[in-house]
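Here's a quick briefing to read alongside the coordinates. It starts at the ligand, then moves on to the sheet and a few local details.

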Amino acid sequence: MSGGQTNANGPLSGRLIVLGITGSIAAFKAPEIVRALRAAGADVQALLTPAATKFVSPLTLRTLTGHAVDADLLDLLPDGRIGHIVAADSADAILVAPATAQWLGAMAGGLAGDAVTAACLATTAPVVVAPAMDGEMWAHPATATNAARLTNDFGYTIVPPESGALASGSSGVGRLPEPATLVDALVRAIGSAPIREPSEARRPPLVPAGDLSGRRVVITAGGTEEPIDAVRILANRSSGRQGVALAEAARDRGADVVLIAARVAIPLPEGVGIVRVATVADLDAALRSALLPPPAGTSATPADLFIAAAAVSDFRMAGGPSREKLRRDGALTLHLEPTPDLLAGIAAALGPRAKRATKLIGFSAESGATKRAAEKLNAKDLDLIIANDVSAPGIGFESAENAVEILHVDGSTQRIGPAPKRVVADGILDQAVLLLSGATHA
Ligand SMILES: Cc1cc2nc3c(=O)[nH]c(=O)nc-3n(C[C@H](O)[C@H](O)[C@H](O)COP(=O)(O)O)c2cc1C
């Protein structure tokens, strides 16, 4: 997975900036800093202290930078090299942002206990430090002495924290400056020095591009719900595990993923765009905005792939839900109406299979036979359908494992599982990759 193109004409074009992130609440701004550095043309490598990983995810930074993140001083890089030494030797500058009071002390004392201090100790490149902390912490003489040592004895540039609202709830001096201020400080610190390590092979390793790299993939997951009255819902037993596994697998293979999540029983993945929905109507609106062409004059690229893994309610209250809680006054008959078939609607709106840009993969929950799934594949004009056996114990809804049969338009099939849902997800994506490449399936 790569972080995409950088700006070839930016003031940091061709430079490698090592971004050291430490355990301040302001670490949540690190993705913004990465974006600003890349917009200025820099290749960015992230190093994190263990505390920083509690505030910002290495996965997000890996995705945004395109480089393996070094968050554990004692772990080697995927290619066997020592992360902080590679970073120290190839950086045009190291930016430590945000820098904690703890980190300023460790650095002032020369303690190489994390990847960020170790890289700073090991480099001859300029180091720019942006402290961020509570106002009293910044004003403490210990912090002031440590910061002064970094400037006076080590020649580091300190970008002082700004005044404003702090995460602690108070306000005062301690805020991390805006990314543009940090980029300016780096440009000044580097000056006209030649690029230190032009050879990509000697820079930190890039995460290899996956076979869905550059593809836009939309996936639905979980079960939709329909209100009956003010407190009750009609729902189904989908846990969303298969859809989430598909989103994670597509993300790890390099895709730009939007996960439209209905009721899901597990945590949603990081590193994908999330849209939350509840009812069929919500899902319909989300699908239309993610998959159908935007109004004339706007320029969004069409999705390459849509995988409809959500369990969509087949019925809802005719005439809408009761506004008030229904009373237990006697037997109750609910009048339900069928919901629209969203996948068929999207397929029809996108045009015939042979002409549309987006490949469509449906799921069909079956109890044994797959005849109905084959009929749906053709009736809805899909590219593939996944017949999901929800009848056998230990697979299907609510289970960690699944067993599916993939049905192709030409009548051929493949079986996957019983296997963990991630394995099933990768098996489905293998077929999707073949579809996207225009090749015949395996
Ligand atoms: C919610 C929370 C927010 C914190 N924010 C800051 C901060 O903004 N600045 C700071 O110096 N320390 C902050 N800390 C304390 C550091 O996380 C702590 O000192 C940690 O040991 C820093 O480790 P590191 O410098 O190795 O990353 C915070 C702690 C918590 C629990």
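The ligand is surrounded by 14 residues, and the closest are Gly 23, Ser 24, Thr 49, Thr 100 and Ala 101; a residue is near a molecule if one of its heavy atoms lies within 4 Å of it. Keep in mind that this is a predicted model: local features need pLDDT of at least 70, side-chain atom pairs count only at pLDDT 80 or more, and totals for chains, interfaces and linings use all residues. Residues are numbered from 1 along each chain as its sequence is written, and side-chain values use heavy atoms, with hydrogens and water left out.

**Around the ligand**

- A polar contact here is a pair of N or O atoms within 3.5 Å; within protein, one must be able to donate a hydrogen and the other to accept it, and residues adjacent in sequence count only if both atoms are side-chain atoms.
- Ser 24 puts a polar side-chain atom 2.8 Å from a ligand oxygen.
- Ile 25 uses its backbone instead, with an N or O atom 3.2 Å from a nitrogen atom of the ligand.
- Ala 101 also goes through a backbone N or O atom, which sits 2.8 Å from an oxygen atom of the ligand.
- On its own the ligand has 640 Å² of accessible area, and the protein covers 62% of that (Shrake-Rupley method with a 1.4 Å probe; for residues, only the protein chains shown count as cover).
- Helix α4 (residues 101-108) gives the most to the shell, with 3 residues; helices (H or I, at least four residues) and strands (E, at least two) are DSSP runs, numbered from the N terminus.
- By type, the shell has 8 nonpolar residues, 6 polar and no charged ones (Ala, Val, Leu, Ile, Met, Phe, Trp, Tyr, Cys and Pro count as nonpolar, Asp, Glu, Lys and Arg as charged, and the others, Gly among them, as polar).

**The sheet**

- Five strands make an open sheet in the order β2-β1-β3-β4-β5, with parallel pairing; two strands pair if DSSP finds at least two bridges between them.
- The edges are β2 (43-48) and β5, each of which pairs on one side only.
- β1 (residues 16-21) runs parallel to β3 and is joined to it by 4 bridges, with Leu 19 partnered by Leu 95 in β3.
- β3 (residues 93-99) pairs with β4 in the parallel sense over 4 bridges, and Val 96 has Val 129 as its bridge partner in β4.
- β4 and β5 (residues 157-158) pair in the parallel sense over 2 bridges, where Val 128 stands opposite Thr 157.

**How enclosed is β4?**

- In β4 (residues 127-131), 5 of the 5 residues are buried, so the strand is largely enclosed by the rest of the structure; buried means under 20% relative accessible area, exposed over 50%, partly exposed in between (1.4 Å probe, protein chains only).
- Both faces are covered, with Val 127, Val 129 and Pro 131 buried on one side and Val 128 and Ala 130 on the other.

**Local details**

- There is 1 aromatic pair in the structure.
- Phe 154 and Tyr 156 form that pair edge-to-face, at 5.4 Å centre to centre with 65° between the planes (ring centres of Phe, Tyr and Trp, its six-membered ring, within 6.5 Å; planes under 30 degrees apart count as stacked, over 60 as edge-to-face and the rest as tilted).
- Phe 154 is partly exposed at 29% relative accessible area, while Tyr 156 counts as buried at 10%.
- Ser 238 lies in the loop between β10 (233-234) and α9 (241-252) and counts as buried at 11% relative accessibility.
- The side chain of Ser 238 reaches the backbone nitrogen of Gly 240 at 3.3 Å.
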